[in-house]
Amino acid sequence: MKVAIISGSKSDENIIYEAKKTLEEFDIEYKVYIASAHRSPEYVKEIVQKVNSEFDCIIAIAGLSAALPGFVASYSILPVVGVPVDSEMFGLDALLSITQMPKGVPVASMGIGKKGAHNAALFIARMFANQDETLKQKLLEYIKKEEENIRKINEEL
Ligand SMILES: Nc1c(C(=O)O)ncn1[C@@H]1O[C@H](COP(=O)(O)O)[C@@H](O)[C@H]1O
């Protein structure tokens, strides 16, 4: 299973890093592309057309007026998971741009920033876990560890 990460700018790099790091934790293959629906629409189209035949899903990261995830979804039938980048508007601008897609062009919208990027990778792991036993075991292990951490906190109180 392969994930394409497409981000609106190199300045989103700390959010891109979080998605990459989590995908790596789950041994999920990925490739990163930087391209903007606003600034380089033709280039985004070229990238998505290539991605469509080589990847299984897309993480689209964008801040401000985040057209990119929706624009990517309009050229693809792969599942697109959008991650809003935080801004002077706390990322609400991007969150609403990504969430409020018109009917017929779905984009799964995660929360804002690094946590959203982490969850985007986890969401993809969940989507494909039933088709990949190794991935499924890693996911179950991750969930078990989360619970163990919470129990440990209480034991130490
Ligand atoms: N939202 C978009 C799009 C797009 O949607 O096409 N292109 C760039 N951006 C976002 O603009 C912010 C500032 O970008 P710059 O730092 O390059 O000015 C970034 O968060 C990027 O994702």
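In this predicted model, strands β3 (residues 57-63) and β4 (residues 80-85) run parallel and are joined by six bridges. One of the bridge pairs links A60 to G82 in β4. Helix α4 (residues 92-99) packs on the sheet, where it touches β3, β4 and β5. The direction of α4 makes about 160 degrees with that of β4.

**The sheet**

- The sheet is open and consists of five strands, in the order β2-β1-β3-β4-β5.
- The pairing of the strands is parallel.
- β2 (29-34) and β5 (108-109) stand at the edges, and each has a single partner strand, so one side of each is left without a neighbour in the sheet.

**Helices α1 and α5**

- Helix α1 covers residues 13-25 and helix α5 covers residues 113-129.
- The axes of α1 and α5 come within 8 Å and cross at roughly 30 degrees.
- Because angles under 35 degrees count as roughly parallel, α1 is described as roughly parallel to α5.
- The crossing of these two helices is right-handed.
- On the α1 side, the contact is made by N14, I15, E18, A19, T22 and L23.
- On the α5 side, these residues meet G113, K114, A117, H118, A120, A121 and L122.
- Sorted by class, the contact of α1 with α5 has seven nonpolar, four polar and two charged residues.

**Helices α5 and α6**

- Helix α6 spans residues 133-155, and its axis comes within 9 Å of the axis of α5.
- The axes of α5 and α6 cross at roughly 130 degrees, which makes α5 oblique to α6.
- α5 passes α6 in a left-handed crossing.
- From α5, the residues in this contact are A125, R126, F128 and A129.
- From α6, the residues are L135, K136 and L139.
- The contact of α5 with α6 divides into five nonpolar residues, no polar residues and two charged residues.

**Around the ligand**

- There are 16 residues around the ligand.
- Of these residues, G8, S9, S36, A37 and G63 come nearest to the ligand.
- The shell around the ligand contains seven nonpolar, seven polar and two charged residues.

Conventions
Residues are numbered from 1 along each chain as its sequence is written. This is a predicted model: local features need pLDDT of at least 70, side-chain atom pairs count only at pLDDT 80 or more; totals for chains, interfaces and linings use all residues. A residue is near a molecule or strand if its C-beta atom, placed from the backbone, lies within 6 Å of it. Ala, Val, Leu, Ile, Met, Phe, Trp, Tyr, Cys and Pro count as nonpolar, Asp, Glu, Lys and Arg as charged, and the others, Gly among them, as polar. Axes are lines fitted to C-alpha atoms, for helices over the stretch in contact, and angles run from 0 to 180 degrees between N-to-C directions. Helices (H or I, at least four residues) and strands (E, at least two) are DSSP runs, numbered from the N terminus. Angles under 35 degrees count as roughly parallel, over 145 as roughly antiparallel, 65 to 115 as roughly perpendicular and the rest as oblique. A crossing is left-handed if the near helix is turned anticlockwise from the far one by less than a right angle, and right-handed if clockwise. Two residues are in contact if their C-beta atoms, placed from the backbone, lie within 7 Å. Two strands pair if DSSP finds at least two bridges between them.
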